[in-house]
Amino acid sequence: MFHILVVDDDKNTRRYMRAVLEAADYTVTTAENGAEALKVMESEYIDLVVLDIMMPEMDGYQFTEALRGVQNNLPILMVSAKQLSADRKKGFRAGIDDYMTKPVDMEELVLRIQALLRRSRIVSEHRITIGDVVLDYDSMTVTGHGQTQELPQKEFQLLYKLLASPGKIFTRIQLMDEIWGMDSESGWETVTVHIGRLRKRFEGWQEFEIVSVRGLGYKAVKHV
């Protein structure tokens, strides 16, 4: 059973989230702030953190930076009343994996947690298997159809990102930010170029395809 750590200085929020997540068959531990959360993690194995921003002693940003500073890749879902784009960007720069604004749709919260845990498992294994096709993150290779292709870094990361969340639509800007970085001088057209190269490289492979979603971006579709 997955163990979720809920970090929020509001007692009622902690209680409500605990009830919802326990009903979804998760084990739940709570903490009032980032400092208390770090102490919890010293004695308990945690699979994912649901984290508020504004808290005393150590806020959500500071907690995330402290965790990432010791190379801990634990999935972090930040939940906050802050709705500005600047707040979300600050969270992602600190190292969070997802962001939701309050008031939270609890059904969506559970779905996002499920997705983050699924991706976390893929990342920890560093491998995606689709039928007879295997993507190996450590070697940046795709094996299938009797061949092994070693892809350029950005091409592989783009393909891996899409196939790690099949069916999920990613905008060009989102892919640009997550793979090339927010400070990259390249335009979103770079994503389009790399998508074209991937389609050509895997033309005729029936296991998966990259689909354009008009006006939005791209998604990967698995056929096995």
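These legends accompany close-up views of a predicted model.

**View 1. Helix α6 and how it is covered.** Let us start with α6, a helix of 12 residues that covers residues 153–164. From its first C-alpha to its last it reaches 16 Å, close to the 16 Å expected at 1.5 Å a residue. Nine of the 12 residues are buried, so α6 is mostly covered. Among the buried residues are E155, F156 and Q157, as well as Y160 and A164.

**View 2. Helix α6 meets helix α8.** Here α6 is shown with α8, the helix of residues 189–201. Their axes come within 10 Å and cross at roughly 80°, which means that α6 is roughly perpendicular to α8. From α6, the residues K154, E155, L158, L159 and L162 make the contact, and α8 brings V191, H194, I195, R197, L198 and R201. Sorted by class, the residues of this contact are six nonpolar, one polar and four charged.

**View 3. Helix α6 meets helix α7.** The partner in this view is α7, a helix spanning residues 172–180. The axes of α6 and α7 come within 10 Å and cross at roughly 125°, so α6 is oblique to α7. The crossing of α6 past α7 is right-handed.

**View 4. R118 and S165, brought together from separate parts of the chain.** R118 sits in helix α5, which runs over residues 106–125. Because its relative accessibility is 37%, R118 counts as partly exposed. Along the chain, R118 and S165 are 47 residues apart, yet 8.6 Å separates their C-alpha atoms.

**View 5. A cis peptide bond at P103.** Most peptide bonds are trans. The bond joining K102 and P103 is cis, with omega of about 0°. You will find P103 in the loop between β5 (98–101) and α5.

View 6. Most residues other than glycine have a negative phi. D25, although not a glycine, has a positive phi of about 75°. Look for D25 in the loop between α1 (11–23) and β2 (27–31); with 56% relative accessibility, D25 counts as exposed. E57 is not a glycine either, and has a positive phi of about 70°. The loop between β3 (48–51) and α3 (60–69) holds E57, which counts as exposed at 70% relative accessibility.

Conventions. Residues are numbered from 1 along each chain as its sequence is written. This is a predicted model: local features need pLDDT of at least 70, side-chain atom pairs count only at pLDDT 80 or more; totals for chains, interfaces and linings use all residues. Side-chain values use heavy atoms; hydrogens and water are left out. Helices (H or I, at least four residues) and strands (E, at least two) are DSSP runs, numbered from the N terminus. The expected span of a helix is 1.5 Å times one less than its number of residues. Buried means under 20% relative accessible area, exposed over 50%, partly exposed in between (1.4 Å probe, protein chains only). Axes are lines fitted to C-alpha atoms, for helices over the stretch in contact, and angles run from 0 to 180 degrees between N-to-C directions. Angles under 35 degrees count as roughly parallel, over 145 as roughly antiparallel, 65 to 115 as roughly perpendicular and the rest as oblique. Contact means heavy atoms within 4.5 Å. Ala, Val, Leu, Ile, Met, Phe, Trp, Tyr, Cys and Pro count as nonpolar, Asp, Glu, Lys and Arg as charged, and the others, Gly among them, as polar. A crossing is left-handed if the near helix is turned anticlockwise from the far one by less than a right angle, and right-handed if clockwise.
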